[in-house]
Protein chains: 2
Amino acid sequence: MFTPEYFMKQALQEAEIAKEKDEVPIGCVIVFKDRIIARGHNLTEQLNDVTAHAEMQAITSAANFLGGKYLKDCTLYVTLEPCVMCAGALTWSQISKVVIGARDENRGFINQNVKLHPKTEIVSGILENECSEIVKNFFKNKR
Amino acid sequence: MFTPEYFMKQALQEAEIAKEKDEVPIGCVIVFKDRIIARGHNLTEQLNDVTAHAEMQAITSAANFLGGKYLKDCTLYVTLEPCVMCAGALTWSQISKVVIGARDENRGFINQNVKLHPKTEIVSGILENECSEIVKNFFKNKR
């Protein structure tokens, strides 16, 4: 049951909530011992705050749940590749694993040569089509 | 009166507050039309949150003050060169100018080749000694 696809679907549900709020639809969950301990979706417009990315909120929330700032035994599932800001936060958190739905060639951290913590494993391409389509359709409908 | 040194001293006051809380002493202010609209100091230990850097808090606070998420006519004065996370947030904010006290060769964004927004001016070395010493002394006393 607790497959990467299962948790990415949960992240996609968060992206759907963002879409309903007319936010760029990106969502994530943070998992600790097969349990979702934090959820986040993009809220930059609603909060008028460029720092209110899904991942930033989830990192803060997960640390609060765990009672410590390091997420060493946690996995982040995120629908779109994190930006430089979120990658920087993930590095500080020393998170164990980052699972990415769709790549973001322009704004994502990978092409900008930002490195996560040396111990962080990165996996990409889980439910890639769904994660990519929800963002593409959002911008298509904006035009 | 409103020289870069004046505002950097204000950022140093924030760093002093962090030091009193036993946080790594880094502080900043954001200035709009010669007025300080946001202040921040590192709170990562107190809040148990790796995202609670001085700059992140000040960016959120300044956007809240201005009622919009872009800081296009603002200047950040920060005692230590921002990390990759904070640089990413500054890029999203499109801030006009970033004034740095001391460089951070290891953790700072410059040596990690992270670029700010193309329109953001960067100045470095304002009250460099004071800004550097407060961090060095903090870690010296920790040993």
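Predicted model: local features only at pLDDT ≥ 70, side-chain atom pairs only at ≥ 80, totals over all residues.
The contact surface is shared by the two copies, as 100% of the contact residues of chain A recur in chain B. Superposition of chain A on chain B requires a turn of 180° with a shift of 0.0 Å along the axis, and gives an RMSD of 0.0 Å. The two copies are therefore related as by a two-fold rotation axis.

An unreviewed UniProt entry assigns the feature "active site" to A:Glu55. This residue belongs to helix H2 of chain A, which spans residues 54–66. The relative accessible area of A:Glu55 is 4%, so the residue is classed as buried. Beyond the neighbours within four places in sequence, A:Glu55 contacts A:Cys28, A:Leu76, A:Val78, A:Leu80, A:Pro82 and A:Cys86.

Over all chains, a search of the whole structure returned zero disulfides. A:Cys28 takes part in no disulfide, and the nearest cysteine sulfur, that of A:Cys86, is 8.3 Å away. A:Cys28 is itself buried, with a relative accessible area of 0%. For A:Cys74, the closest cysteine sulfur is that of A:Cys28 at 12 Å, which is too far for a bond. A:Cys74 also counts as buried, because its relative accessibility is 0%.

Notes
Residues numbered from 1 in each chain as written. Chains lettered and ligands numbered in written order. Heavy atoms only, no water. UniProt positions renumbered as here; feature names shortened; annotations may be inferred. Helix = DSSP H or I, 4+ residues; strand = E, 2+ residues; numbered from the N terminus. Buried < 20%, exposed > 50% of the residue type's maximum accessible area, 1.4 Å probe, protein only. Contact = heavy atoms within 4.5 Å. Least-squares fit on C-alpha atoms with pLDDT ≥ 70 in both. Disulfide = S-S within 2.5 Å.
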